[in-house]
Amino acid sequence: MDIRFSSVSVSFGGRAVLQPLTLSLTERRIGIIGLNGSGKTTFARLINGLVKPATGTVTVNGLDTVNDASAALAEAGFIFQNPQHQIIMPIVHEDIAFGLKNRGLKADEIERRTAAVLERFGISHLAKRRVHELSGGETQLAAIASVLVTGPGILILDEPTNQLDLKNRGLVERTIAGLDEHTIVISHDLPLIEKFDRVLLFHEGRLIADGAAEDSIRAYHEVAGC
Ligand SMILES: Nc1ncnc2c1ncn2[C@@H]1O[C@H](COP(=O)(O)OP(=O)(O)OP(=O)(O)O)[C@@H](O)[C@H]1O
Ligand SMILES: [Mg+2]
């Protein structure tokens, strides 16, 4: 993974929400923390082109997120804060197969890959279930499977354990820990990211700490005043 931000800033309606920043992301597991409204989701959305920089450029594995938008988009999969919002088809199996159909794969190849990803995440028993009837943890796993089935090398998860109970939280945590893909996780759930290789702390639109998880978490407690 090679994600580069060069002098990138973001404004919404003339209001600066991300101050200029230059950095590159290469580590296997990266956490993003900070108070509500500090700019975490905005930063992550720059990577898949959902947010366009006001200044500067973002490249993902050498592909510019504005000029090579669709190729850059294929490099990184994004799981939204509420994965219900990204589910397209009513049945788990169909939703996972959807991204492969869009890529024009043959039916037997779609079936093979869909079955393999369901197996990989231990959710083969959910294949025929209605997506909107799944529990929170099951929905998270189905959403991760739907994104990873198309083969992006990078997975970006925005608050993946938000609203999950202890059991489902553990399930999603273990799943993330076992992923081969490079992973960027935005979370208020600090134990989830405390073993990550690198943690970025945003505060009021600025990157104010960037390094070892324990250092960034300590700095977060300082800005939060607790
Ligand atoms: N599309 C938008 N239009 C206008 N303002 C926006 C938009 N998206 C985000 N903002 C503003 O930008 C700032 C940063 O928002 P962002 O969603 O990046 O925060 P966050 O750190 O992810 O917060 P949270 O922890 O609450 O999810 C906030 O003040 C937010 O209101
Ligand atoms: Mg957010």
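**Reading helix packing and salt bridges**

Q: Which residues of α3 and α4 meet in this predicted model?
A: On the α3 side they are Val92, His93, Ile96, Ala97, Leu100 and Lys101, and on the α4 side Ile110, Glu111, Arg113, Thr114, Val117 and Leu118. This contact of α3 with α4 divides into seven nonpolar, two polar and three charged residues.

Q: What is the handedness of the crossing of α3 and α4?
A: The α3 and α4 crossing is right-handed.

Q: Where do Glu109 and Arg113 lie?
A: Both are in helix α4, four residues apart, which is about one turn of the helix. Arg113 is also among the α4 residues that meet α3. Glu109 is partly exposed at 23% relative accessible area, and Arg113 is partly exposed at 31%.

Q: Which residue forms a salt bridge with Asp210?
A: The partner is Arg198, with the closest N and O atoms 2.8 Å apart. This pair links distant parts of the chain: Asp210 sits in strand β10 (residues 206-211) and Arg198 in strand β9 (residues 198-203), 12 residues apart.

Q: Is Arg198 buried or exposed?
A: The cut-off for buried is under 20% relative accessible area. Arg198 has 10% relative accessibility, so Arg198 counts as buried. Asp210, at 37%, counts as partly exposed.

Q: Which residues are linked with Arg198 and Asp210 in a network of salt bridges?
A: The network also takes in Glu27.

Q: What are the values for the salt bridge of Arg4 with Asp2?
A: The closest N and O atoms of Arg4 and Asp2 are 2.9 Å apart. Arg4 is partly exposed, with a relative accessible area of 45%, and Asp2 is partly exposed with 23%.

Q: Where is Thr175 placed, and which residues does Thr175 touch?
A: Thr175 is in helix α6 (residues 166-177). Leaving aside residues up to four places away in sequence, Thr175 touches Phe121 and Leu141. Thr175 is buried, with a relative accessible area of 14%.

Key: Residues numbered from 1 in each chain as written. Chains lettered and ligands numbered in written order. Predicted model: local features only at pLDDT ≥ 70, side-chain atom pairs only at ≥ 80, totals over all residues. Heavy atoms only, no water. Left-handed = near helix turned anticlockwise from the far one by under 90°. Helix = DSSP H or I, 4+ residues; strand = E, 2+ residues; numbered from the N terminus. Contact = heavy atoms within 4.5 Å. Nonpolar A, V, L, I, M, F, W, Y, C, P; charged D, E, K, R; others polar. Buried < 20%, exposed > 50% of the residue type's maximum accessible area, 1.4 Å probe, protein only. Salt bridge = Lys/Arg side-chain N within 4 Å of Asp/Glu carboxyl O.
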